[in-house]
Amino acid sequence: MSQSELYVSLDIGSSSVKVLIGEVDGGSLHVIGVGNVQSAGIRKGTIIDIDATVQSIRKAIEQAERMIGMQIREVILGIPANGVILQDVKGVVAVNSENREITDDDLDRVMKSAQVMSVPPEREIVNIIPKQFIVDDYDEITDPRGMIGVRLEMDGTLITTSKTLVHNILRCVERAGLVIREIYLQPLAAGTFALTADEKNHGTAYIGGGSTTVSIFGENRFMATAVIPVGGDHITKDLSIILKTPTEQARKIKHQYGHAFSDDASDDELFEVPVIGADSKDQYSQRYISEIIGVRLEELFDLVLEELYRMGVRDLPGGVVLTGGITKMDGLLQLARHVLKTRVRIHTPEYIGVREPMYTTAVGLIRYAHMQDSYFGHVPDSPTVSASEHQSPASVNKKVPAERNKEKKPGILDKAKRVFDNFFE
Ligand SMILES: Nc1ncnc2c1ncn2[C@@H]1O[C@H](COP(=O)(O)OP(=O)(O)OP(=O)(O)O)[C@@H](O)[C@H]1O
Ligand SMILES: [Mg+2]
């Protein structure tokens, strides 16, 4: 495919809403638009105020739109891991064609047959991830298309979440005037690209703003996930209470002077902090606030250890990969190594414009969608972006994605991939 494709991802975080516009050309991603606004209406991954959330989404979308001078229509949406359940599923079909060659249609049917199982009414399917295909008695097949066989089986993992949680997120996105192209579980999309092939045999923890998602990768696939309701915003709150300063000030201090490992924090540099309800300012050192931050983060890493234990993880030969906004804090890596007592590294996306660990999920969503399109094929129902009324003529001429993929066959998994079609019924 010579033409570039546009993808827009939407990561509705508890701290900020991120929108990325990515152009994928010959397999490489270029981020051409970014929107990032502080979120309102979301707490710990859950919507608590629809109108406020819609506003935040609109603002982030508009920021990104201004960078390319076009209007965003379709987004790839990340779903948080709160309340997610993973279960093993199996699909079986007879190969359809007369010559017994497995086609896109057989792949589509086998994926669908794996979903024909009873999902309780309060749960919704998010994604299905194939583990292996089996053609007659030959297993461990990653792509059965083109092979000859009579019987096609698929072993996979079905990801379901709470219907209420997901429907409220979808409602906000739709009310923000957007069409949802695909939905992926956030840590699945983030971890798939944040981890190296070796690490995917092992473990990762993702630390977000409102909460911390711990996910386990092993045998080269996504195996388990859980959410701990503690994250960077707790540190802001702690600082705000202890330093008696407004939340916004506390956040700024955290970003500018925050340190997680008091042994390495500076005693010399002092900074002033405005006090709530007083005209005065108090002075603190980095060392002083690092003790407040360290207590909270140590608690968090202890909770991560407990969660790993609960998940049945007894050792992590691949170590731990941390990402998410808070991992920018100085000393966090040292503290994590100290508490987790294993190899730890921080992942930061390596793309111009988004070299910040808080963009790991948004980048992962684009890359995951592109990976799925490469595997399953995709023909857009409508362009991802369209000419806006206020754009400069030059930018419109540069990208008219309505033409993209014109020559492509209909993507089979435009059907099966959309296991969540029933969201819109
Ligand atoms: N330079 C920095 N130093 C310290 N903390 C930072 C820095 N930059 C961002 N953060 C913190 O990272 C957190 C936001 O991280 P992130 O954007 O990954 O979370 P989110 O996606 O909004 O939330 P969640 O995924 O939990 O719903 C906030 O607490 C923010 O204050
Ligand atoms: Mg997040």
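Author: Start with Ser 39. Beyond its neighbours within four places in sequence, Ser 39 is in contact (heavy atoms within 4.5 Å) with Gly 13, Ser 14, Ser 15, Ser 16, Val 17 and Ser 56.

Ser 39 sits in the loop between strand S3 (28-38) and strand S4 (42-43). Helices (H or I, at least four residues) and strands (E, at least two) are DSSP runs, numbered from the N terminus. Is Ser 39 buried or exposed? Ser 39 counts as buried because its relative accessibility is 15%. Buried means under 20% relative accessible area, exposed over 50%, and partly exposed in between, with a 1.4 Å probe and protein chains only.

A word on the source. This is a predicted model, where local features need pLDDT of at least 70 and side-chain atom pairs count only at pLDDT 80 or more, while totals for chains, interfaces and linings use all residues. Residues are numbered from 1 along each chain as its sequence is written, chains are lettered from A and ligands numbered from 1 in written order, and side-chain values use heavy atoms, leaving out hydrogens and water.

Now Arg 58. Arg 58 belongs to helix H1 (residues 50-68). With 23% relative accessibility, Arg 58 counts as partly exposed. Leaving aside neighbours within four places, Arg 58 touches Glu 65 and Ala 176. Its side chain reaches the backbone oxygen of Ala 176 at 2.6 Å. Arg 58 also lies 9.9 Å from Cys 172, C-alpha to C-alpha, though 114 residues separate the two in sequence.

Next, the interior. In soluble globular proteins, nonpolar side chains tend to be buried together. Here the largest nonpolar core has 62 residues, and Leu 10, Ile 57, Ile 72, Leu 77 and Val 173 touch the most other members. Such a core is a set of buried Ala, Val, Leu, Ile, Met, Phe, Trp, Tyr and Cys residues joined through side-chain atoms within 4.5 Å.

Some parts face outward. Glu 219 lies in the loop between strand S14 (212-218) and strand S15 (221-228). Asn 220 is in the loop between S14 and S15 too. Glu 219 counts as exposed because its relative accessibility is 57%. Asn 220, at 52%, also counts as exposed. Glu 219 is not a glycine, yet its phi is positive, about 45°. For Asn 220, phi is near 65°.

Compare helix H9 (residues 360-376). Of its 17 residues, 13 are buried, so H9 is largely enclosed by the rest of the structure. Gly 377 follows H9, with a positive phi near 80°.

Last, the whole. The protein has eleven helices and 20 strands. Of its 425 residues, 56% count as buried. Among contacts with a separation of 6 or more, 68% join residues 24 or more positions apart.

How values were computed. A polar contact is a pair of N or O atoms within 3.5 Å; within protein, one must be able to donate a hydrogen and the other to accept it, and residues adjacent in sequence count only if both atoms are side-chain atoms.
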